[in-house]
Structure formats: C-alpha cells, structure tokens
Amino acid sequence: MSSSKLIVIIGATGNQGGSVANIFLEEPGWKVRALTRNTSSTKSQALAARGAEVVQADIDTPATLLTAFEGANAIFAVSDYWGLYGDPANKDKAQPGQPLNVWVAEHETQQLKNIIDAAAKVPNLERFIFSSLSDATKWSKGKYTHVYHFDSKAKAAEYGRETYPDLWAKTSIYQAGLFLSNYTSLNGMSPPIKASNSEQISYLANESNIFKNPDGVVQFIGHMDQDVKIPFIAAEEDSGPLVKALIQEPAGKNLIGYREWLTTRELASAFTKATGLNAEVVTLPKGHFPPSISKELKAQLEDNMGYWNEIGYEGREDPTVIHPRDLKLPPSLDTVEDYLKKQDWTKVFSS
C-alpha cells in the first residue's frame, strides 16, 4: 500500500486493537483512527496524545460505524465475547430459558455483522482484517457444538463471505492464539498456582482431593492434553506486527497468530527457565471445574478443551490456515519465555 493511508481500528484501547494502534502510530505513511466507546478514558487520551484520531463509535450502533469508517483504506475489526459475558449489564438480557453464554454468542455475531455491513459500504477500502476464530462445530463435524466464543466469530465471517463477496476479496482473517495474559491476569482463565498445600488444588479440582504437591511447586492446572500443542500469543504485543504483515500481503489469508507453538508441558518448562521456580502441569479429569462455574459454562469449557485436544485450536483440517512463517514478511516476535520473564508473579501468587 502507498503512503498517506488511514487505518481504522475497532477496540483500539483493548489488547488486539491496542497493539495494532501501537504499530501503525509508528508506521510512516499511516494515520490511525482509533474507535472507542469512551473517548475520555485514560487509554483513549494516551492514543490521542500520540497522534491518533480518537473517535467515539459503538459496534452495537451501526450508524456510528458508517461515520467512523469514512475514508478508511484499512479496517481492523475485533469483538470481545468474554467482555460481554462478564459485563454485569448483560446478565439479565438472555431470553427466558436461554443461557447467558448462548445470548452472548448471538449478540457477538450480530456486533460483527454490524461491522461487516458498515465496512462493505466503504468505497476506498483496500484491506479488511477480521479477528475471528475457527469454526468448532464445522471442523469437529458437529461433535463440539458449545464452543460459542469460537463459533460466534466464525458465523460472522461466513456471513461476510456469503453476503459481501467484494468485501471478502479484500479480507484476511486474523486468529489470535491463546492469550498468555490468561496465565498472568488475576481475572484470566488459567492463572498458575504456587501450591503450598493440597487445599488450593482440591478447590480447582471441584473439591476432589486428588492432587498432592510439594510446597512451592507452581502448577499449571487445566484440561489440556499435555502433548497437544497450542498457539500461544501475547495479544497485547504481537497482534500489531501480525496484522501489519497481513496488510502487506495480498488479501485472502487465514492466519493463526502466535509467537510459539507449545504444549502445556513446554509452557511449564519455559516458566521454570524464566523464573527459576519449579513448575509442572496438572491435567484435571473431564468435568472437573471450580464449583462457582455454572452448568452452562462448564459445558462450554468442556467442549472447548475437547475441541483443542482432538481437533486443534485452529481446526487442523482447515486447509486455508497459514502460520506466521508462511507470510512473505513474517514479524520477529519475542518468545514465550521472554514474556513470562518480565511478569510480576508475586501479584499472581499472592492473590
């Protein structure tokens, strides 16, 4: 693409969008329009101070997107299933008898359709980068139908492909791998535990006191097969370089984005190298979740892990998937060990 281009970034104050904004604010010949619901937030103001045009837009309000997309040469589109799920304002929005996670999936799909509809009306658009995930129901041949946070995005991508072939001729898919921040955030899915006694382990094992561990051993507890490789990404750091590489490529790519492709056992080894602390992986029996997890969410997480174990995070049989190494200009990303090394683990272990 030539100089003086405009990239419009949805979710510019979030992990993926923020990383894309960081890269293009430093890229010569590019202007950044950062879309956010709250232009007065600290993150929004920080982007404005760096030269971004910060614009209020809401993916629930299509009219705001039409205005915000005006003049765009490139658009980066992203949604947030878990943000919707965890928002207290949404807890009572499901229809009678409808689980909240199902409502969230349908709502996320509609949000993404709103984005696609608006992007299709941008006359000078050259590249549309759509953050999505693999279609669990499709690639598992109907075995795993509750992976709502994957399928909700895949359904929207299929809508775009079928409804707007001209737009899709300008589109590449960006699939972000498993966020490493899940292991560092106190609100993440999978924070490791520095086990001092078996009580911590028994709680995560659904109160089944089956794991006994020596004091001080850091445990990565979950349902993943320890020999299955997962694409790990620092979304807040890596999304920008990967999206930039996609924009430099011809359209039509379906990129699984990650910095390293590791098993959970290799993740624990990287943790030990990064911190000097002994670490191991504990694989919980099927169906074992913390008591606080609802029945509906248990079914979703169980299908999620089953899908990753058997079919693969990216849907291994999908012939369109490419890896960062397949790009003409693959970015140079740090390692998982690098990421783990710079985290403040005292905050995680003291929670």
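A residue counts as exposed when its relative accessible area is over 50%, and as buried when that area is under 20%. The legends below apply these limits to a predicted model.

**Close-up 1. Lys141, a residue with positive phi in the loop between helix 6 and helix 7**. Most residues other than glycine have a negative phi. Lys141 has a phi near 55°, a positive value in a residue that is not glycine. The loop that holds Lys141 runs between helix 6 (136–139) and helix 7. Because its relative accessibility is 66%, Lys141 counts as exposed.

**Close-up 2. Packing of helix 5 against helix 7**. Two packed helices are described by the angle between their axes and the distance between the axes. For helix 5 (residues 100–119) and helix 7 (residues 148–163), the angle is about 30° and the axes are 8 Å apart. The two helices are therefore roughly parallel to each other, as angles under 35 degrees fall in that class. The crossing of helix 5 past helix 7 is right-handed. Helix 5 contributes Asn101, Val102, Ala105, Glu108, Thr109, Leu112, Lys113, Ile116 and Asp117 to the contact, and helix 7 contributes Tyr148, His149, Ser152, Lys153, Lys155, Ala156, Tyr159 and Gly160. Sorted by class, this contact of helix 5 with helix 7 comprises seven nonpolar, five polar and five charged residues.

**Close-up 3. The aromatic pair of Phe150 and Tyr313**. A pair of aromatic rings is described by the distance of the centres and the angle of the planes. The structure contains 19 aromatic pairs. In the pair of Phe150 and Tyr313, the ring centres are 5.3 Å apart and the planes lie at 75°, an edge-to-face arrangement. Phe150 belongs to helix 7 and Tyr313 to the loop between helix 12 (295–310) and strand 14 (321–322), so the pair ties together parts 163 residues apart in sequence. Phe150 and Tyr313 are both buried. Ring pairs also join Phe150 and Tyr313 with Tyr144, Tyr307 and Trp308 in a cluster.

**Close-up 4. The aromatic pair of Phe220 and Phe271**. The rings of Phe220 and Phe271 are edge-to-face, with 5.5 Å from centre to centre and 75° between the planes. Since Phe220 lies in strand 9 (residues 217–222) and Phe271 in helix 11 (residues 264–275), the pair ties together parts that are 51 residues apart in sequence. Phe220 and Phe271 are buried.

Note on methods: Residues numbered from 1 in each chain as written. Predicted model: local features only at pLDDT ≥ 70, side-chain atom pairs only at ≥ 80, totals over all residues. Heavy atoms only, no water. Axes fitted to C-alpha atoms, helices over the stretch in contact; angles between N-to-C directions. Helix = DSSP H or I, 4+ residues; strand = E, 2+ residues; numbered from the N terminus. Parallel < 35°, antiparallel > 145°, perpendicular 65-115°, else oblique. Left-handed = near helix turned anticlockwise from the far one by under 90°. Contact = heavy atoms within 4.5 Å. Nonpolar A, V, L, I, M, F, W, Y, C, P; charged D, E, K, R; others polar. Phe/Tyr/Trp six-rings, centres within 6.5 Å; stacked < 30°, edge-to-face > 60°. Buried < 20%, exposed > 50% of the residue type's maximum accessible area, 1.4 Å probe, protein only.
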